Amino acid sequence: MNAVTALRPDTNRDRFTYDHITVEPVTPTIGAEISGIDLREPITPELAADIQRALHDWRVVFFRDQDISNEQLKAFGRAFGPLTPAHPIAEGLEDHPEIWERSVAEYRTRRERNTALPPGREPPRDYKGWHIDITFVANPNRYSILHGVEIPPYGGDTLFTNLIAAYEGLSAPVRGLIDGLQAVHRTTDYDGGTREPRRDGRTKGPFVALHPLVRIHPETGEKLLFLNPGTISHIVGLKEPESKALLDLLFYEATRPEYQVRFHWRPKSLVVWDNQAVAHAGPIDYAQFDLARAVRRITVAGELTRGPDGFVSQQLEGELFNVLG
């Protein structure tokens, strides 16, 4: 199966009808739960195509009670395209370089670092964690897949927001203004600190990329607000106060409650989101809780982003997010 071809929208298909899966929407705008699937079993091309359709309909999809191994997690991801290394900066598990594990200890370290900043120095502008994955490279990943390995009985929820709906909710004059703008995305102090040399020999960064502020979705052709508060430093061609004011306005729009869905994790839950159309924040309460929590993520390779005016993203520093191998 050609994954990209399979993702093309089917205008003759009802949004709520699928051939091989049961899909229950969570909100009218974003999020749906998929049931009737055991991800320990091989994913057929027909099943993968149905999941991809649901992903384009609802932007993020949730699976429950998926007791899968690391190999089964990777096999599921490969049904939708080649996998990337775990992360451009941080390495994956030693036996599974495609898998990035995140624990509550990492968030505790970030919290302590922000608390220790000298007076007058603001912590990294991450807007409580809202971000699109890996936009400091010119070809961010297509999909992100996150599996709950150790989940606390409460807390640790993740928020997702629909960036296509956010763009469509803007007034026509504002859409006309931002359609031709570009923004610089770079690794932050948090991501770009001193690290040991990588086992795989890849660079540790820094990474800097130039992206359109509005992206054309490569499969559906929809316009979306390509906004990553965690990595955008400025909008090119604007004065600093103008850039900050416009970014603040767009962030407000992107995170309006009507564009969001909140996912409450349970052990063995699995989430897939379209990283080309969704921003997320999580765990949203990492500053308040210290319960054990660990999740494992894999990412499906993406392509250079493209804007409505034909601008194609450029890698200004560092290397592209190439597939593993």
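Because the model is predicted, local features need pLDDT of at least 70 and side-chain atom pairs count only at pLDDT 80 or more, while totals for chains, interfaces and linings use all residues. Residues are numbered from 1 along each chain as its sequence is written, and side-chain values use heavy atoms, with hydrogens and water left out.

View 1. Arg-53 is partly exposed at 25% relative accessible area, whereas Asp-50 is buried at 0%. For the cut-offs, buried is under 20% relative accessible area, exposed is over 50%, and partly exposed is in between (1.4 Å probe, protein chains only).

**View 2. Arg-53 and Thr-17, seen by their C-alpha atoms.** Along the chain, Arg-53 and Thr-17 are 36 residues apart. In the model, 9.8 Å separates their C-alpha atoms.

**View 3. Arg-78 and Glu-98 join up in a salt bridge.** This one comes in at 3.2 Å, N to O, between the two side chains. The pair links distant parts of the chain, 20 residues apart: Arg-78 belongs to helix α3 (residues 70–78), and Glu-98 to the loop between α3 and β4 (100–103). Arg-78 is partly exposed, with 44% relative accessibility, but Glu-98 is buried, at 7% relative accessible area.

**View 4. Asp-179 meets Lys-223 in a salt bridge.** The closest N and O atoms of this pair are 2.9 Å apart. Asp-179 lies in the loop between α6 (172–178) and β7 (182–186) and Lys-223 in strand β10 (residues 223–225), so the bridge ties together parts that are 44 residues apart in sequence. Asp-179 counts as buried at 15% relative accessibility, and Lys-223 as partly exposed at 31%.

**View 5. Glu-71, Lys-74, Arg-78 and Glu-98 make up one network.** What holds this group together is salt bridges that share partners. As a general point, side chains of opposite charge can pair when their charged atoms come close. The count of salt bridges by this rule comes to 17.

Definitions and conventions:
A salt bridge is a side-chain nitrogen of Lys or Arg within 4 Å of a carboxyl oxygen of Asp or Glu. Helices (H or I, at least four residues) and strands (E, at least two) are DSSP runs, numbered from the N terminus.
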